[in-house]
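Subject: Structure handover

Hello,

I am passing on the structure we spoke about. Please look through it first; my notes on what was found follow below.

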Amino acid sequence: MAEEQINGVIITFFSTASAVGKTLISINMASELAREGYSVCLADFDLQFGDIRNYLRLTPEYTITDLCDSIKADSGNSLMPMLTTYAYEGVSFQVIPNPTKLEEAYNLSPETIIDVLKNLRMQYDYIIVDTTSMFSVLNLALLDISTIVTFLGIVDFIPTIKNMKIGNETLHTLNYDSNKIRLVLNRSDSKTHIQLKDVVSILGEDFYHILHNDFISARESIATGIPLVLNGQESELTQELRALVARYTNKGYKTMEPQKKNSWLSKIFS
Amino acid sequence: MINNNVMLVEGNRLYLEQLSNIIRETETVTLVARFRDAKDALGQGMVFTPNIILLDADTPNIMNLLEEFHQAYPHADIICTGEKWSAESSSLYVNAGAKCFLVKPFSSEELLDAIFAFSKPATGGKDAKVMTFFSPKGKSGKTTLIANLAMAISRKTNASVGIIDADLQFGDMAFFFNLKPQSTIVEAARDTDFLSPVSLNSYFVPVAKNVSILCGTKEPSLIDKVSIHSLETIIDMARTMFQYVLIDVPAGFNPTSIAAAEMADTTYIVTMLNGGYEVQHIQRSLDIFSTWPDYRERVKIILTRVEPCTITAKQEMEEIIGYPVAGIIPNAYLDVATAADDGRMALDLKPNSPLSQRINYLAGKITKKKQDNDDDF
Ligand SMILES: Nc1ncnc2c1ncn2[C@@H]1O[C@H](COP(=O)(O)OP(=O)(O)O)[C@@H](O)[C@H]1O
Ligand SMILES: [Mg+2]
């Protein structure tokens, strides 16, 4: 029915340097949106060395490889049963894990992956996409299809900032609407002697949002497999993550208990 | 001053004129004789006492000719010229006594490079050691490692060291050495069909005595401008130009990193320990490399940001990974960052720091003639 058809928001996390927090933040964004009751799918398109399955301790039965095979077979079957569920204390969302085998990752076609996304975006309010740090064919296609691209940076040392600048300029050459690309700074007060204002002046652009460095919480969250926004510790970083999500959904975030009843999930898995 | 008296032997009539003009226009070089027929040059050239012979390698029977020229002119340098460079034929020429190979038509600068630059100690050829630095994910610390290692190797051995920054989208090597290169791997790749090792040399930027760099692309979109074929040609040529070649490649398995690894004598898997899932990433990478029958000799592991950086830590990691660890590098983030921010090398900053010590150790391992498996740390 037409009324059931949604065309979900796709939010992609991208950067030009590795280890800037794409995976950690995309996981937390998916979790926070799910906590607020949205139907959410989190896609690990760091195909070769994706960490979502690691950070969330998943042992998936199916991966993006199976989804691509299914789309190519054109069976018309729903892809949703092939997603992996992450659930913690009543909050749950679906995950598209990266391939188990490296050679599978190497051989997946970007077009088919985009077809999978196009198919799934009709089933979810939000699709959160984690990527690698390069302008690959797949990443360029993901940038195109995304509603919002979060371009993540850190104030590290000068080569990283140079690459951030080059990345940001390259993004601009793609001529997206100005509010599609959102510059977010992560780990803002980490050990470095470079000033934030210098970075802003190098980039010629202000950051849309700033997340603080909280090494201990981040590491613990990865070690336990529980996202920061779900683990009950309301650290500064957690607050900032919730605030980021609130800005993306255009509303203030709720600090109430997660909604458990009548979620879309209960309908599928009952 | 020694005179550069050139004798040109060129079978092609048009080239003979063109090259003669270039030689005449080149300062400090004199064209003393020119022949279309190599036999004429052998029989008559003597009276002009050339000390440099440009010999057309596209002549039939070039290998015999080379030997005859070598006997007839034992004190002259023979530079082979040809329309295209190839690794096999040029190494044949060099083994038969030629000094180097120059692609026609050459410029004055290339001619001078061939005459002067290559009078340095005989470079590797077959003996050159090519090393590719692979990392599963980015932020591995390999740019720092490569830069410092190259310096350490050249200091230890006086050998010539070349760095190729093939980390095509976001290579930082130029930054580490504070360079604003005129030419990069993009121009070298564009020109490979017209280049020989002598002329490729001018695309490398010297950064220290005996160390030079072929810098990376300036913008990500230029990646498409470096074909795998031209990268392979560049690596082949570099093998004849340097005794050690260190190649930085993009993270993960991609056509560039795979080609560079396949061409290398040793591939290092470089990973920074961040308390995440690095060990799994290394193991999965090893799975792929294990399709090489000799991968145990060819693939080595280097871990960066190892704290504490002790032999026990190294042995523990070997246990966990299930594979020998060739080297460990301590966390020297602030040293490295401070140095890099000023366009300097961390090694020059604190020569006795743990970082320098570990890098020197690795340089020692790499330059040692006979490989041993001693765990001397
Ligand atoms: N705000 C933060 N404060 C402290 N550590 C962080 C923060 N964000 C990320 N990290 C850490 O940085 C490392 C890299 O994060 P990750 O999400 O894997 O990066 P990417 O996916 O961009 O490669 C992880 O160890 C993570 O715990
Ligand atoms: Mg990641």
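A nitrogen atom of ligand 1 is placed 3.2 Å from an N or O atom in the side chain of Asn213(A). Of the 560 Å² of accessible area that ligand 1 has on its own, the protein covers 92%. Please bear in mind that this is a predicted model.

Ligand 1 has two further polar contacts to report, both through oxygen. In one, an N or O atom in the side chain of Tyr55(A) is 2.6 Å from an oxygen atom of the ligand. In the other, an oxygen atom of ligand 1 and a polar side-chain atom of Arg187(A) are 3.2 Å apart.

The shell around ligand 1 consists of 17 residues, and the closest are Ala19(A), Thr23(A), Tyr55(A), Asn186(A) and Asp214(A). By type, the shell holds 8 nonpolar, 6 polar and 3 charged residues. Two helices of chain A, H1 (22–35) and H9 (215–224), each contribute at least two residues to this shell.

Next, the salt bridges. Over all chains, a search of the whole structure gives 20 of them. One joins the side chains of Lys165(A) and Glu169(A), with an N to O distance of 3.1 Å. Both residues sit in helix H7 (residues 158–173) of chain A, and because they are 4 residues apart there, about one helical turn separates them.

Some backbone details are also worth a look. In chain B, the peptide bond between Lys104(B) and Pro105(B) is cis, with omega about -10°. Pro105(B) belongs to the loop between strand E5 (100–103) and helix H5 (108–116) of that chain. Another cis peptide bond links Glu307(B) to Pro308(B), and omega is about -10° here too. The loop that holds Pro308(B) runs between strand E12 (299–304) and helix H14 (311–321) of chain B.

In chain A, Arg57(A) is not a glycine, yet its phi is positive, at about 55°. Arg57(A) is located in the loop between helix H2 (52–55) and helix H3 (64–73).

Finally, the confidence scores. The model has an ipTM of 0.88 and a pTM of 0.85. For chain A the average pLDDT is 89, and 90% of the residues score at least 70. Residues 254–270 of chain A have a pLDDT below 50, and this stretch makes 25 contacts in the model beyond near neighbours in sequence. Chain B has a mean pLDDT of 89, with 93% of its residues at 70 or more. Across residues 119–124 of chain B the pLDDT stays under 50, and the model has 10 contacts for them beyond four places in sequence. Where pLDDT is low, the predicted coordinates should not be read in detail.

Regards

Note on methods: Residues numbered from 1 in each chain as written. Chains lettered and ligands numbered in written order. Predicted model: local features only at pLDDT ≥ 70, side-chain atom pairs only at ≥ 80, totals over all residues. Heavy atoms only, no water. Near = heavy atom within 4 Å. Polar contact = N/O pair within 3.5 Å; in protein donor to acceptor, adjacent residues only side chain to side chain. Areas by Shrake-Rupley, 256 points an atom, 1.4 Å probe, with all protein chains shown as cover. Nonpolar A, V, L, I, M, F, W, Y, C, P; charged D, E, K, R; others polar. pLDDT = per-residue confidence, 0-100. Contact = heavy atoms within 4.5 Å. Salt bridge = Lys/Arg side-chain N within 4 Å of Asp/Glu carboxyl O.
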